[in-house]
Amino acid sequence: MSDVLSLTAVIAACAPAFATIPRFPSHPLTSRIAMKVKTRFAPSPTGYLHIGGARTALFSYLYARRHGGSFVLRIEDTDLERSTPEAVNAILEGMAWLGLDYDEGPFYQTKRFDRYKEVIQQLLAEGKAYYCFCSKERLEKLREEQMAQKLKPRYDGCCRDLGRVPKPGEEAVVRFKNPLDGEVVVEDRVKGRVVFQNAELDDLIIARADGSPTYNFTVVVDDMDMEITHVIRGDDHLNNTPRQMNILRALGVEPPVYAHVPMILDEQGKKLSKRTGAASVMEYRDMGYLPEAVLNYLVRLGWSHGDQEIFSLDEMIALFDIEDLNSAASSLNLSKLAWLNQHYMRTLDPQYVARHFRWHLGRRDIDPSNGPAPERVVQVMADRVKTLAEMAAAAEFFYREPQEYEEKAARKNLTPEAVPVLEELRQRLSALPEWTAPAIHEVVAAIAESGGLGMGKVAQPLRVAVSGTSVSPPIDVTLDVVGRESTLRRIDRVLAYIRAQQG
RNA sequence: GCUCCCAUCGUCUAGCGGUCUAGGACGCUGCCCUCUCAAGGCAGAAACCCGGGUUCGAUUCCCGGUGGGAGCGCCA
């Protein structure tokens, strides 16, 4: 128990702003008539916020919002071995980045051990749970035997009717007395009616030898105490559902509505792992996606509303319905995310996009204060890149005058023939009364015409001079953003470069 | 092995027995536009897993197969 306390203390210390003290009614709810909708997201803090988790969180969030209900965040940290304060922060950070705000929580299960113990005692007292003294060795052997007989491994109920309490110092776990016959029907909102035979289930452990509660039990107690009305979670939990429903009923509570959403697979259709694909939400930020794009992408993965592809958060809230969820697993498709991301980079307020863009500039050690305003760069670059990370890379020349020129671009455009063109450009640009894109365009076009050259013969050497590459926004726009002073310096530099090549 | 879930273009999906010679989107291909890269416009290739039923009629309903996936812990 002492490590429990120390872990929660560490969590509280690391995330003081979030370390809310849980307050629940001390008596379990026995009726939920006309309850307002309440959903929850209940991740276990063992790593990062998984993209699949983010999607079920989004669905839960949308459903609660849609129905004027509330959305609860609960941290399932009963696994003291694997839960870490860093992982808790990673989850909170991911939620915050996505903008999925919760109305209640985060609640920590490690702070509710007293409550779980109380319920365990209640079940014990009512004869709905019992102490089991079977050794791990015996259970292991049992499992092996059953496997050998091609049976599903499960507890044989050895201690079920012992009716014995552990002697002082004696090790014992507590098991739930699952009904021996009959069936449990899950009226799942996405999978439909799923029937489980109680005979397939066994008496699961609800308290370990050290007295700590186990997952399937804490979930039940929390969903009950927190008055969760709709449980939207990954379909890997579908098989746990009948057990949870049985415990809930033993506690005198009717189960919530369940909706088991399919899992997300990587681009190869395999299970998502840190190796094969971006599994963590924060990786998407790092790759340069906007939260709006990620949210829009996730909501369309397994959910649809006719042919509509673009959804603002408000639209999602207005249109989301569990009935429209798909029941099959879906694979990630990053190129679609990229398309959405570009859409949002182009259509969202440039000031807003620039806030995220600045972060990516920062990652490249670019200080935008000695260059064009980031929102301006966002406006001219959004059409030509898929991510903010790409944008930061492609926009670097706006903030740093090129020190060298891309090999191929230089060979093709920085030729002796370009010298007179660049010289004339330099002269006429420096004489320009107004530094605006239209004025710049006139100069470039006039030089092309008078020299009997195509626009490319003029714009390309200039582009290489200014950007160091053969790719940039339209040349007039590029120069406008770069500014006159810097443009002239860059032309001088490239002229020197060409002459040096000759010499 | 047992239990449970799933199955429409490469991918996300629409379809809720006839309107399907199966629609949209991303991606892809071609053309147009063009100072580069894009963006944009237009056109195009591309799917109902297989086999049985039910029905006047199945992509849609039922069963079986096959193929994926999940669960079967003193993990969550």
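**Contacts with the RNA**

Modeller: A phosphate oxygen of RNA strand B is 3.5 Å from an N or O atom in the side chain of Lys386, and please keep in mind throughout that this is a predicted model.

Biologist: Okay, and what is 3.2 Å from the side chain of Gln460?

Modeller: There the partner is a sugar or linking oxygen of RNA strand B, which lies 3.2 Å from an N or O atom in the Gln460 side chain. Asp236 uses its backbone instead, with one of its polar backbone atoms 3.4 Å from a sugar or linking oxygen of RNA strand B.

Biologist: Which elements give two or more residues to the surface near RNA strand B?

Modeller: Those elements are the helices α5 (136-148), α6 (215-225), α11 (334-347), α19 (455-467) and α20 (475-482), together with the strands β7 (192-197) and β12 (330-331).

Biologist: How many residues surround RNA strand B, and which are the closest?

Modeller: There are 64 residues around RNA strand B, and the closest are Lys150, Arg208, Gly302, Asp383 and Ser472.

Biologist: What about the phi of Glu227?

Modeller: Glu227 has a positive phi of about 60 degrees although it is not a glycine, and it lies in the loop between α6 and β9 (230-234).

Biologist: Switching to sheets: what is the order of the open sheet of three strands?

Modeller: The order is β4-β5-β8, with antiparallel pairing. The strands at the edges are β4 and β8 (205-207), each with a single partner strand, so one side of each is left without a neighbour in the sheet. From one strand to the next, the twist averages 45 degrees.

Biologist: How many bridges join β4 to β5, and how many join β5 to β8?

Modeller: Four bridges join β4 to β5 (residues 173-176), with Cys132 paired to Val173 of β5, whereas two bridges join β5 to β8, where the partner of Arg175 is Ile205.

Biologist: Are the residues on the two faces of β4 buried or exposed?

Modeller: Both faces of β4 (residues 129-132) are covered, with Ala129 and Tyr131 buried on one side and Tyr130 and Cys132 buried on the other.

Biologist: Now helix α3: how many of its residues are buried?

Modeller: In α3, 10 of the 14 residues are buried, among them Trp97, Met95, Ile91 and Leu98. The end C-alpha atoms of α3 (residues 85-98) are 20 Å apart, which agrees with the 20 Å that its 14 residues should span at 1.5 Å a residue. Just after α3, Gly99 takes a positive phi of about 85 degrees.

Biologist: Last one, where is the place of Pro420?

Modeller: Pro420 is in helix α17 (residues 418-430), and it counts as partly exposed because its relative accessibility is 48%. Pro420 and Asn341 are 79 residues apart in sequence, and their C-alpha atoms are 42 Å apart in space.

Notes. Residues are numbered from 1 along each chain as its sequence is written. Chains are lettered from A and ligands numbered from 1 in the order in which they are written. This is a predicted model: local features need pLDDT of at least 70, side-chain atom pairs count only at pLDDT 80 or more; totals for chains, interfaces and linings use all residues. Side-chain values use heavy atoms; hydrogens and water are left out. A residue is near a molecule or strand if one of its heavy atoms lies within 4 Å of it. A polar contact is a pair of N or O atoms within 3.5 Å; within protein, one must be able to donate a hydrogen and the other to accept it, and residues adjacent in sequence count only if both atoms are side-chain atoms. The expected span of a helix is 1.5 Å times one less than its number of residues. Buried means under 20% relative accessible area, exposed over 50%, partly exposed in between (1.4 Å probe, protein chains only). Two strands pair if DSSP finds at least two bridges between them. Axes are lines fitted to C-alpha atoms, for helices over the stretch in contact, and angles run from 0 to 180 degrees between N-to-C directions.
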